[in-house]
Amino acid sequence: MSEPHVSETKSATTSRPGSATEVATTVNGVAHRSWVANRTTLASFLRDGLTLTGTKVSCELQVCGVCSVLVDGQPVSSCTYLAADVDGRTVETVEGLASGERLHALQQAFVRNFALQCGFCTPGFLMMSKALLERNPDPTEDEVREYLDGNICRCTGYQPIVAAVLEAAAEMRGGRSA
Amino acid sequence: MLPEFTITRPSRIDEVIDVLSADVVPYAGGTELLLAMKMGLLVPTGLVDLKRVPGLREIAVSDTALLIGAGATHDDVARNELVRTSAPLLAEVETRVGNARVRAQGTVGGNLCFAEPRSDLLAVLAAIDASLVLRSVRGERTLSMSEFVLGPYWTDRADDELLVHVSIPMPCPAGAYLKLQITERPTVGVAAVRTSSGQCRLVVGSVVEVPLVITAESWEEIDPVAIAREVEPVSDIAGSSEYKKHVTEVYVRRVIGLAQGGGR
């Protein structure tokens, strides 16, 4: 049996037959098909394999939220999620939010409200906020705080982030979303 | 980095139980298993992906029981209409497990089989007297929560067994659950319910190795001070042992107050 070809993800080197999986997935609207090592995390597949480095990695314990992406619309910690599991599924990352030069309503609201400083946590907050607004287009402030309580920001003190999400929600409900 | 392992994706429960062993383990949300593998605490050679087995994620109700598939995520349970109407206390608890990503990925079965002591589910399922159905090539057996959870990270599940579903007796006891939580897992969690036979049942979780179940004929018979004296929590980042004992006493008193008001 020949060794399966493994696509050029750095962490995807494999030496044992059966330790890789063929994955067909759509990431931000683009179809990809490749063999990935079973132990490759989704974060590594996105960052090293597809050079989508907008998704960050920090705690690697699904606690801090910077690696949040959406799989079939559900939020996942891509640091603790196997790339093999996106086979047949759709992935959305922060790179998929804007349409060309036009920022998503959430991104615009984050800018207007100064909801970021260093920006490291921002991709995670944006993707979690997107997941929240897709299931609940009109959240209360408490619901925003509760849904985002698994994301850590060390710059803003959270107030401008919560304000930005509420503002974007109102704008998206009004049909003026990006 | 994770060690190497194989992944199989069966589509039927009997295909799953055919291959389970000490080295080839059930895998669903990965919120517990992948963390343990990253830390080197578990080194399975194979993962059996349960996410593509139809039926394992189903939630159904009969006259006598609410059946929750072990593959249902916390979010599935929290948002399911059958659970919300027939076991509202469980639905409410599931809306606040971990964080939003853990709720979207993590499953009921994973939470129970890992038996991490700091678990909302262990406490609330003990309170509402859930039983667990396990299946292997040797057959099927049903265990109570106290028979299933033997210690921290230790259950009665054999290596070749699969937790298939959780069975909650109907009508589900009503009551309340209260927790203090500053990290992803509860520091103290307490549940208080009135059973269908009128018994008062209090469960203390997270500050104990296995859920502590106390039953009485009336709430007045349960002494929060005595319970706080009995538990032996460890000191950690969430608080000292003395602090956790104090919170236990306060929360036991409060949850009894909530249950006396009817609860959920």
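Author: The model is a predicted one. Along its sequence, chain A follows the pattern β-β-α-β-β-β-α-α-α-α.

Reader: How many helices and strands does chain A have?

Author: The pattern β-β-α-β-β-β-α-α-α-α is read along the sequence of chain A. The totals for chain A are five helices and five strands.

Reader: In what order do the strands of the open sheet in chain A stand?

Author: The sheet is open, and the pairing of its strands is mixed. In general, strands of a sheet pair through backbone hydrogen bonds, either parallel or antiparallel. The five strands of chain A take the order β2-β1-β5-β3-β4.

Reader: Which strands of chain A stand at the edges of this sheet?

Author: An edge strand here has a single partner strand, so one side of it is left without a neighbour in the sheet. Two strands of chain A are in this position: β2 (30–37) and β4.

Reader: Which residue is the bridge partner of L70(A) in β5(A)?

Author: Strand β3 (residues 68–71) of chain A and strand β5 (residues 90–92) of chain A run antiparallel and are joined by two bridges. In β5(A), L70(A) has as its bridge partner E92(A).

Reader: What angle does the direction of helix α3 of chain A make with that of β3(A)?

Author: Helix α3 (residues 122–135) of chain A packs on the sheet, where it touches β3 and β4 of chain A. Its direction and that of β3(A) make an angle of about 35°.

Reader: Which strand gives the largest share of the side of chain A that touches chain B?

Author: Between the two chains, 25 residues of chain A are in contact with 19 residues of chain B. On the chain A side, these residues divide into nine nonpolar, 12 polar and four charged. The largest share of that side, four residues, comes from strand β4 (residues 74–77) of chain A.

Reader: Why is helix α8 of chain B described as largely enclosed by the rest of the structure?

Author: Helix α8 of chain B spans residues 120–127, and its buried residues include D120(B), L122(B) and A127(B). Just after α8(B), D129(B) takes a positive phi of about 60°. The helix is largely enclosed because the buried residues number eight of the eight.

Reader: Which residue stands opposite R135(B) in β10(B)?

Author: Strand β10 (residues 162–169) of chain B is mostly covered, with six of its eight residues buried. Five bridges join β10(B) to strand β5 (residues 65–69) of chain B, the two running antiparallel, and L67(B) stands opposite S167(B) there. Strand β6 (residues 131–136) of chain B is likewise antiparallel to β10(B), with five bridges. In β10(B), the residue opposite R135(B) is L162(B).

Reader: Is G263(B) buried or exposed?

Author: G263(B) lies in the segment after α11 (241–260) of chain B. A residue is buried if 20 or more other C-beta atoms lie within 10 Å of its own. G263(B) has 20 C-beta neighbours inside 10 Å, so it counts as buried.

Reader: How far apart in space are G263(B) and A174(B), C-alpha to C-alpha?

Author: Leaving aside residues up to four places away in sequence, G263(B) touches L89(B), A174(B), G175(B), A176(B) and L258(B). In sequence, G263(B) and A174(B) are 89 residues apart. In space, their C-alpha to C-alpha distance is 6.1 Å.

Conventions:
Residues are numbered from 1 along each chain as its sequence is written. Chains are lettered from A and ligands numbered from 1 in the order in which they are written. This is a predicted model: local features need pLDDT of at least 70, side-chain atom pairs count only at pLDDT 80 or more; totals for chains, interfaces and linings use all residues. A residue is buried if 20 or more other C-beta atoms lie within 10 Å of its own, exposed if 12 or fewer, and partly exposed in between; C-beta atoms are placed from the backbone. Two residues are in contact if their C-beta atoms, placed from the backbone, lie within 7 Å. Ala, Val, Leu, Ile, Met, Phe, Trp, Tyr, Cys and Pro count as nonpolar, Asp, Glu, Lys and Arg as charged, and the others, Gly among them, as polar. Two strands pair if DSSP finds at least two bridges between them. Axes are lines fitted to C-alpha atoms, for helices over the stretch in contact, and angles run from 0 to 180 degrees between N-to-C directions.
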